[in-house]
Amino acid sequence: MPPTTHSSPSPVIAGLLLAAGGGRRLGGRPKALLPYRGRPLVENAVRVLREAGCGPVHVVLGASAAEVRERADLTGCVVVDNPDWAEGMGSSLRAGLASLAGTGARAALVSLVDQPGIGPAAVARVREAYRSPASLAAAAYDGERGHPVLFGSDRWADITATAEGDKGARVHLTDHADELTLVECGDIAEAFDIDTPPDLARLA
């Protein structure tokens, strides 16, 4: 009889969706609830992470969190409330990484709720850059770093210590630029943000 082989289980790569923004330049419309294909935008972002193979999916809410919970179908997600969301993306990143402690995740793949031009194919490419808990990878568009970003769990403590205001993980990414793997995704995704009223046309 041939020897029995045991394949190693795939590492747990959690999806971490930052969806707390209040849409100040959109007249205070929470980005998570912007309409997209007949449903709240946050649902699309969750679907993208799942279809790319990420799980569990943690969703950080802030602005109008109670309304988002009521109107959006976040079944199966771990929903994290960030009461300090107005301080900027850094506070949401800290809250999200804290929620992943003890889950067994080897990395967090961080995406933003307001980038519907980035689909499962691009997210999966970045996910596949995982090598170890020290991994650091990001999508690139024509060579320029963008989202999503993958942080191995060995990096979470340093990111938590340096993520402030709207900088998010930029300090960590800058300090460790020589360790960053850029994954070109410009051929399969568009990295636009929904920030201002003219951008809303991209959701049509």
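UniProt positions are given in the numbering used here, and such annotations may be inferred rather than shown by experiment. In this predicted model, the record from UniProt, an unreviewed entry, lists residues 15-176 as "domain: MobA-like NTP transferase". The span 15-176 is 31% helix and 24% strand, and its end C-alpha atoms lie 22 Å apart.

Rolling a probe the size of a water molecule over the atoms shows where empty space is left. A search of the whole structure identified one cavity of 30 Å³ or more. The volume of the largest cavity is about 110 Å³. Its lining is formed by Asn-44, Ala-45, Val-48, Ser-111, Leu-112, Val-113, Gln-115, Pro-116, Ile-118, Val-123, His-147 and Pro-148. Two or more of the lining residues are contributed by each of helix H1 (41-51), strand S6 (107-112) and strand S8 (144-152). The largest share, three residues, is provided by H1.

Ser-92 counts as buried because its relative accessibility is 4%, and buried means under 20%. When residues up to four places away in sequence are not counted, Ser-92 is in contact with Leu-18, Ala-20, Val-60 and Asn-82.

Methods. Residues numbered from 1 in each chain as written. Predicted model: local features only at pLDDT ≥ 70, side-chain atom pairs only at ≥ 80, totals over all residues. Heavy atoms only, no water. 1 Å grid on protein atoms, 1.4 Å probe; cavity = no way out; pocket = protein on both sides within 12 Å on 5 of 7 lines; lining within 4 Å. Points joined across faces, edges and corners; volume = space filled by probe spheres on them. Helix = DSSP H or I, 4+ residues; strand = E, 2+ residues; numbered from the N terminus. Buried < 20%, exposed > 50% of the residue type's maximum accessible area, 1.4 Å probe, protein only. Contact = heavy atoms within 4.5 Å.
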